[in-house]
Structure formats: structure tokens, C-alpha cells
Amino acid sequence: MGIRLAWEEQRVGAWVDRRKILVDLQSFLATRARWSSSVYDAKAKPDELPSSRRGSISSMVSTASIDSPVSTSSPTFSRSARFKSAELLSRDAAQFAGRVSSLRHSKISAAGKALDKLIDNSRKPVPEELLDEQDRLEEKGIDEMETVGKFAMNVVMQWRKYCPSLCGNYTC
């Protein structure tokens, strides 16, 4: 009975964690990872402009132009703020991959081991429903989730691609 309870706890915990990852991914996609022109809204401080780089667009921007109205593609908007935002998005995307890996190697794996132990210690055959449930958990929790981290990183890479000032040469 204890082994069956252990399997149930791990199984239920794995489903809960899987749902939480998917809800968090949906939230990530709808809010933080959604590209917006607002990344250009914050003006850079004069010391954030990399004017010491010779030949770059930044070096051609005069100090006087910082105070004048500029277009949204101007390098006077806070490049460091956009860079920090991109780095945070990358970190968040990498965390999805880590959470999926943790789900796979902790709860789903533990549930599989508990079911194996139940099969080994049971005098009667384990009901097919339990075996089917474990198969479904592994399919949904491992096979279908293995690309979540990659997907999140691809979204971030698209965000970076369409935010030209992050690549450094303003010609992306």
C-alpha cells in the first residue's frame, strides 16, 4: 500500500508541475516575451551612449541630439535597458528548460520507479489503468515537454532579432 501511495504522490505531483510549467510558459509568452516598441521608450543617459566606439552610429550622435526629439530607431534610447531586458528573457527561457528537466528526472522518474517497485512486489498483476497512466504521464511529461525550453529560447532569439540595437551594429 505504501508503494502505491508513493506512486500516486509522485504522479499527481508531476501532473501539477507540468500544468504549472505550461501556465507559466503561457504567461511568459503573453507578457515578458512579447516584443513591444516600448523597449525604445526609455531614453539613455549620456554616460550609457558608447560614443567612444569609432565609426559606429553611436559615435556620430552628438550630445546635443540627446535632448532633441529622435526617431524610435535612434541609438539614444537606452541600449543597456534593452540589453538587460533581453538577458532577463534569456534567463527566464533557460529556467523553463531546467524546470522540464527537473520534472523529468525527479517526479516522473520517481513515479516510474515506484510503479516498477509495485510491479515487482505485487502478488497480482498491476492493473492496466496504472500502467496506462504512467505511460500517459511519460508521454505528456517527457516527450511533449522536451521542446519547451528550446521553444522559449527561440522566442527570445526572435525578440533579440527584431530589436536591432541588441546586436551591436544597428543593421540586423
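## Asp92 and its contacts

Asp92 touches Phe28 and Arg32, not counting residues up to four places away in sequence; contact here means heavy atoms within 4.5 Å. Asp92 has its place in helix α4, and with a relative accessible area of 10% it is buried. For burial, the scale runs as follows: buried is under 20% relative accessible area, exposed is over 50%, and partly exposed is in between, using a 1.4 Å probe and protein chains only.

A word on the source: this is a predicted model, in which local features need pLDDT of at least 70 and side-chain atom pairs count only at pLDDT 80 or more, while totals for chains, interfaces and linings use all residues. Residues are numbered from 1 along each chain as its sequence is written, and side-chain values use heavy atoms, with hydrogens and water left out.

## The overall fold

The protein chain has six helices and zero strands, so the order from the N terminus reads α-α-α-α-α-α. Helices (H or I, at least four residues) and strands (E, at least two) are DSSP runs, numbered from the N terminus.

Of the 172 residues in the protein chain, 35% are buried. Among contacts between residues at least 6 apart in sequence, 81% join residues at least 24 apart.

## Where α4 meets α6

How are α4 and α6 oriented where they pack? Their axes are 7 Å apart and the angle is about 170°, which makes α4 roughly antiparallel to α6. Axes are lines fitted to C-alpha atoms, for helices over the stretch in contact, and angles run from 0 to 180 degrees between N-to-C directions. Angles under 35 degrees count as roughly parallel, over 145 as roughly antiparallel, 65 to 115 as roughly perpendicular and the rest as oblique.

On the α4 side, the residues in this contact include Arg82, Ser85, Leu89, Ser90, Phe96 and Val100, and among those on the α6 side are Gly149, Met153, Trp159 and Arg160. By class, the contact of α4 with α6 has twelve nonpolar, three polar and three charged residues. In this scheme Ala, Val, Leu, Ile, Met, Phe, Trp, Tyr, Cys and Pro count as nonpolar, Asp, Glu, Lys and Arg as charged, and the others, Gly among them, as polar.

Ser90 lies in helix α4 (residues 79-121) and is buried, at a relative accessible area of 13%. Leaving aside neighbours within four places in sequence, Ser90 is in contact with Met153, Val156 and Arg160.

Met153 is found in helix α6 and counts as partly exposed at 29% relative accessibility. Beyond residues up to four places away in sequence, Met153 touches Ser90, Ala93 and Ala94. The C-alpha atoms of Met153 and Arg91 are separated by 9.1 Å, although these residues are 62 apart along the chain.

## α1 alongside α6

Helix α1 (residues 2-30) and helix α6 (residues 148-161) have axes that come within 12 Å and cross at roughly 5°; the two are therefore roughly parallel to each other. Ile21, Leu25, Phe28 and Leu29 in α1 meet Val148, Phe151, Ala152, Val155 and Val156 in α6. By class, this contact has nine nonpolar, no polar and no charged residues.

## Around Arg11

Arg11 lies over the face of Trp7, at 5.4 Å from the ring centre. For a charge to sit over a ring, NZ of Lys or CZ of Arg must be within 6 Å of the ring centre and within 35 degrees of the ring normal.

Ser109 lies in helix α4 and is partly exposed, with a relative accessible area of 25%.
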